[in-house]
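Trainee: Please take me through this structure by its terms. I would like to hear each label set against its cut-off.

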Amino acid sequence: MRLSNFRYTLPKTKIADHPADPRDSCKMMVLNRRKKDIEHKVFEDIASYFKKGDLLILNNSRVFPAKIFGQKEKTDAKIEVFLLRVLNREAGLWDVLVDPARKVRVGNKIYFDEDVVAEVVDNTTSRGRTIRFLNPEIDVFSLVDRIGNVPLPPYFTRKSKDSDKENYQTVYANQTGSVVAPMAGLHFTMPLLQKIQKIGVKVLPITLHPSLSTFNAIEVEDVSKHKMDSEYFNIPYQTAMEINETKMKKSGRVIAVGTTTCRVLEANATVDGKIKFGQGWTDKFIYPPYQFKVTDALVTNFQQPETTLLMVVSAFAEHRLLMDAYKVALKNDYKFLAYGDAMFIH
């Protein structure tokens, strides 16, 4: 596939700045792959598409308010530090982005609120740095909960607000470490999940902390040449066993909530469609054509052009069908991206 196959025009007016309230009141496009037809629903209707024996697999990754501001030593220049991931928690080492990068060099110290100090110990990319927090007792995750800002996606034109700390988080998030919310899960409410469980659907967790590269447009025309960043994942034993039993007995469908969940499942699938449990790192890249081994249905959002997210959905839905559906969505005023509307593909 060529990159140009995943290009479409997304007007800024179609990008939602705020989520629907309540979450499950947003629009939902239902795409039937076999019949190749489209239904227009609201998200709370999704329960009617599930049946007893299905498995709903959620990414329980929790976003932390990863943007903090400090002052550079001596000059007092204001520095934005975007905490990407912890490299060594005991040593206080973090992989970060800094802005303005030209003012931040190896050996510089940056001072934050609460007398917290970090030292720049390495350059990684043009904006990337490795920093070490010098306060031995500091819990960085607790610190950013107090002084940090929500890392909204770069396509937002507004700054983050206090309400984003709740809105840019799934209601079931409990595994802290992500700088990107698993978007498809943002539509679920606890009452809706309880309703789904009462049908006889088992709701099961996995974890994947998606990286910022989620938002990056691919830069090579031959998409097979693109390399994904490695991302941490964990598949609990119980989740793997439930999937394997369901697949073996053919007693229900495996419904993945989001492309992150889908990639973790497919990255850890055996040739016969079973799942391996455990934790690790994955750079699984799914694009058309791809034979899905585990995922039977997919809950997703409307994705940015030329991104890996769009390619996963395209591989699952069949490329032409999906792009036609996107044209319908644009004509019917669906909202796109993180705070936008939903799509259910089955």
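Mentor: The structure holds four cavities of 30 Å³ or more. This is a predicted model, in which local features need pLDDT of at least 70 and side-chain atom pairs count only at pLDDT 80 or more, while totals for chains, interfaces and linings use all residues. Residues are numbered from 1 along each chain as its sequence is written, and side-chain values use heavy atoms, with hydrogens and water left out.

Trainee: What makes a space a cavity, and what makes it a pocket?

Mentor: Both are found on a 1 Å grid over the protein atoms alone. A cavity is a set of points where a 1.4 Å probe fits but cannot get out. A pocket is an open set with protein on both sides within 12 Å along at least five of seven lines. A lining residue has an atom within 4 Å of a point. Grid points are joined across faces, edges and corners, and a volume is the space filled by probe spheres set on the points.

Trainee: How much space lies in the largest cavity, and which residues are closest to its centre?

Mentor: The largest cavity has about 120 Å³ of space. It is lined by 15 residues, and Pro182, Met183, Thr259, Thr260 and Leu309 are the closest to its centre. Helix H5 and strand S16 (297-301) each supply at least two residues of that lining. Helices (H or I, at least four residues) and strands (E, at least two) are DSSP runs, numbered from the N terminus.

Trainee: Which classes make up the lining of the largest cavity?

Mentor: There are eight nonpolar, seven polar and no charged residues. Ala, Val, Leu, Ile, Met, Phe, Trp, Tyr, Cys and Pro count as nonpolar, Asp, Glu, Lys and Arg as charged, and the others, Gly among them, as polar.

Trainee: What lines the second largest cavity?

Mentor: Its volume is about 60 Å³. The lining consists of Pro19, Ala20, Arg23, Cys26, Leu186, His187, Ala338, Tyr339 and Gly340. By class that gives six nonpolar, two polar and one charged residues.

Trainee: Why is helix H5 described as largely enclosed?

Mentor: Buried means under 20% relative accessible area, exposed over 50%, and partly exposed in between (1.4 Å probe, protein chains only). Eight of the nine residues of H5 (residues 259-267) are buried, so the helix is largely enclosed by the rest of the structure. Those buried in H5 include Thr259, Thr260, Cys262 and Arg263.

Trainee: Is Trp281 buried or exposed?

Mentor: Trp281 has a relative accessible area of 52%, so it is exposed. Trp281 is in strand S15 (residues 278-282). Not counting residues up to four places away in sequence, Trp281 touches Arg85, Ser230, Glu231, Tyr232 and Phe233, where contact means heavy atoms within 4.5 Å. The C-alpha atoms of Trp281 and Phe233 are separated by 5.9 Å, though the two are 48 residues apart along the chain.

Trainee: Why does Ala101 count as buried?

Mentor: Ala101 has 15% relative accessibility, so it counts as buried. Ala101 is in the loop between S7 and strand S8 (109-112). It touches Ser126, Arg127 and Arg129, not counting residues up to four places away in sequence. Pro100 is found in that loop between S7 and S8 too, and a cis peptide bond, with omega about 0°, joins Asp99 and Pro100.

Trainee: What is the label for Glu318?

Mentor: At a relative accessible area of 38%, Glu318 is partly exposed. Glu318 is in the loop between helix H6 (308-317) and helix H7 (319-331). Its phi is positive, about 85°, although Glu318 is not a glycine.

Trainee: How big is the largest pocket, and which residues lie nearest its centre?

Mentor: The largest pocket has a volume of about 1200 Å³. It is lined by 47 residues, of which Phe82, Leu84, Val179, Ser211 and Leu212 lie nearest its centre. The largest share of the lining, five residues, comes from S6. By class the lining has 21 nonpolar, 16 polar and 10 charged residues.

Trainee: Which domains does the lining of the largest pocket draw on?

Mentor: It draws at least three residues from each of domain 1 (3-63 + 165-345) and domain 2 (67-147). Domain bounds come from an automatic or database domain assignment.

Trainee: How much area do domain 1 and domain 2 bury between them?

Mentor: About 480 Å², 67% of it on carbon and sulfur atoms. Buried area is the accessible area (1.4 Å probe) that two parts lose on being put together, summed over both. Seven residues of domain 1 are in contact with seven residues of domain 2.
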